[in-house]
There are 2 protein chains.
Amino acid sequence: MKQSRRGQVDPFIVMDVMEAARKAEAAGRHIIHMEVGQPSTPAPAGARRALALALEQPLGYTVALGLPALRQGIAQLYRRWYGVDLDPARVVVTPGSSGAFILAFSALFDAGDRVALGEPGYPSYRQILRAMSLEPVGIPTRPEDRYQPRPQDLPQAQGLILASPGNPSGTVLRRDELAALTARAAELGMAVISDEIYHGLDYGAGFHSALEVTDDVFVINSFSKYFSMTGWRVGWMVVPEHMIRTVERIAQNMFICPPHASQVAALAALDCIDEADQNLAVYAENRRLMLERLPQIGFDRIAPPEGAFYIYADVSALTTDSLGFAAEILDKAGVAVTPGLDFDPHRGAQTLRFSYAGSTADIAEGLERLARFMAAR
Amino acid sequence: MKQSRRGQVDPFIVMDVMEAARKAEAAGRHIIHMEVGQPSTPAPAGARRALALALEQPLGYTVALGLPALRQGIAQLYRRWYGVDLDPARVVVTPGSSGAFILAFSALFDAGDRVALGEPGYPSYRQILRAMSLEPVGIPTRPEDRYQPRPQDLPQAQGLILASPGNPSGTVLRRDELAALTARAAELGMAVISDEIYHGLDYGAGFHSALEVTDDVFVINSFSKYFSMTGWRVGWMVVPEHMIRTVERIAQNMFICPPHASQVAALAALDCIDEADQNLAVYAENRRLMLERLPQIGFDRIAPPEGAFYIYADVSALTTDSLGFAAEILDKAGVAVTPGLDFDPHRGAQTLRFSYAGSTADIAEGLERLARFMAAR
């Protein structure tokens, strides 16, 4: 029995960092986690309460597109956040945004198709594409463009993935940039997938959905980040009306349904905006600390972190081996950070991603450790 | 934006039957459900209790292969059920068996590869394969072989899916049959995937895992059926040792992790064998009723239902249009059944699948309704 070519995906380096951090902790060390892209807070209390009350129900399969009330609640979020009227029939509840990507790629692309994406970017785009016999086409982006692609950068390809706020950069596409990019993609005949998983996590820059500028787009989002529900694996996708039935059939066969218990919790989470905004206030304070201290410490070449909970730093003045540098920081400072290679196979050897999704006390302690490490270097 | 060729999967007919049944119920009718392949019972009480206690924890991402304790518990099940010593490192926790199929197909096959499967069989095999640009190759099976493929039937292909107990047939592969089929597949260079999702649901015939006869196999199972946890989307896959790292990387990127809350519940479910066996006793009684009454009613050409909770009936003497026949039974008898077309695109127009996963009272009532319907026909 031999492995397929498509199955030869790259390792997810952040996972290896997490494993190294776990081993250090198992050996008795205290580690500050600036590597993981997940909140340290649980799902909102109201969400957990709703699930506790629902545990007497059978919680069997739901329909493939998700609980109707949840689809409706998500549609209402589009009115609240963006002033967009969205037909709940176009909302597909998915097993995390990961499941949404699998559905979108299945519905839109055939083996050998090319899908363009900005570099740096979320590494799993590239790996999921490869595992589905699709070809990722990197678009190198520039710090002066806030690490986002420009319309004139789009290559010939069948698809385009946009991400705003971006991971690892945290930078946001403005409304006019979304309009220009989706218009250019339409001219080139590219299907557009807009990853909006960090929406809700913004610090004044505001954020816009691709749905504000076009209906001819797959928009992907999730309860993982703003609603603090990473491990629950419940996300969603908004699809053009003519694609609903196609996506439904693929979802019926590939997933049957998203986890029922998670859907119950997610439905209640929609009413827990106060708690989500309390978490946001913590990230905002963490971000303020990071932006104050990181440049003092020596990490001064950073992208403007407009959203999400990441800071992407150019460390080319410090190293040409971000993997080794991250290992050194873990070893000497007891802080886990992510080498940029996950996000940019070409230039990531000279970048690091810092996550500030943890508690403020942890972030402050991590910054002090980083300061001592850099001072001693 | 246009749809891909791979996205043009067939509708899942049982889902349309469920929708028609739901509409009839919304219109005030009482419907007996013999169409759905899921228990009407909730997850075991111990599983729900464990989750309720865990709800104060963050329940963020787990490692991609699943909670170590759960992988260990599943490995122990192989000792208990089959007397097989299984290294927990080979156990991959998956988002349902559906997720396991996506992982297995990604790890083993490249675009254009052919994967053989018995007809009749679970329809999503075929649809997931197509959505991943793989080619399903049907192996027509015979009632006298209990609707299971024989070694001499295997075509030239890169892969083979076995299913025991089969869906829709409920028939079981004996140990020597598993040995002969996997040996022949190895000769032909086919990777073998053994779907064992209905294990635990047997009525005296016993059941054997492909792992008893070879390590060179992907074995797929789930908490959905025997443990009555369909909507929780938690299953597992046992992989050969040399494939662990490959599957882990694909899982990291495609799924990140199985739903954490469901893993917590599943871990506790492993200790709820008494409750699972009580459910089994209900199915056994349902099966007894079905086998007694169905032939009297006029459904006398049925596969020996050795496991699972299905009876597959040849209705060629009654109709050549199982879709219309099922619609007529729903309309006139108020019983939802599944037309065979989902399971066998060629001969399924003359077969029906009856599920007896419901309560015994419902099954008895359904049988009476079917009897009246057939008497009046």
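Predicted model: local features only at pLDDT ≥ 70, side-chain atom pairs only at ≥ 80, totals over all residues.
Helices (H or I, at least four residues) and strands (E, at least two) are DSSP runs, numbered from the N terminus. Residues are numbered from 1 along each chain as its sequence is written, chains are lettered from A and ligands numbered from 1 in the order in which they are written, and side-chain values use heavy atoms, leaving out hydrogens and water.

Back to Ala64(A). With a relative accessible area of 5%, Ala64(A) is buried (buried means under 20% relative accessible area, exposed over 50%, partly exposed in between, with a 1.4 Å probe and protein chains only). Leaving aside neighbours within four places in sequence, Ala64(A) is in contact (heavy atoms within 4.5 Å) with residues including Val93(A), Glu248(A), Ala251(A) and Cys257(A). Pro136(A), on the other hand, sits 72 residues away along the chain, and the two C-alpha atoms are separated by 28 Å.

Two strands pair if DSSP finds at least two bridges between them. One of these bridges links Leu117(A) to Gly138(A). Of the 6 residues of strand 3 (residues 114-119) of chain A, 5 are buried, so this strand is largely enclosed by the rest of the structure.

Next, find an open sheet of 3 strands in chain A, with the order 9-12-11 and antiparallel pairing. Its edge strands, each pairing on one side only, are strand 9 (310-314) and strand 11 (338-339) of chain A. Strand 9 is joined to strand 12 (residues 351-355) of chain A by 5 bridges, and Ala313(A) has Leu352(A) as its bridge partner. Helix 10 (residues 322-333) of chain A packs on this sheet, touching strands 11 and 12, and its direction makes about 40 degrees with that of strand 12.

Axes here are lines fitted to C-alpha atoms, for helices over the stretch in contact, and angles run from 0 to 180 degrees between N-to-C directions. Helix 7 (residues 244-254) of chain A and helix 5 (residues 123-131) of chain B have axes that come within 8 Å and cross at roughly 120 degrees. They are therefore oblique to each other (under 35 degrees counts as roughly parallel, over 145 as roughly antiparallel, 65 to 115 as roughly perpendicular and the rest as oblique). Among the residues making the contact are Gln252(A) and Met254(A) on one side and Pro123(B) and Ile128(B) on the other.

Within chain A, the axes of helix 4 (residues 96-108) and helix 5 (residues 123-131) come within 11 Å and cross at roughly 45 degrees. This pair is oblique as well, with Phe101(A), Ile102(A) and Phe105(A) meeting Tyr125(A), Ile128(A) and Leu129(A).

Finally, turn to Arg48(B), in helix 2 (residues 45-54) of chain B. Arg48(B) counts as buried, at 10% relative accessibility. Setting aside neighbours within four places in sequence, its contacts are Leu55(A), Glu56(A), Pro42(B) and Ala43(B).
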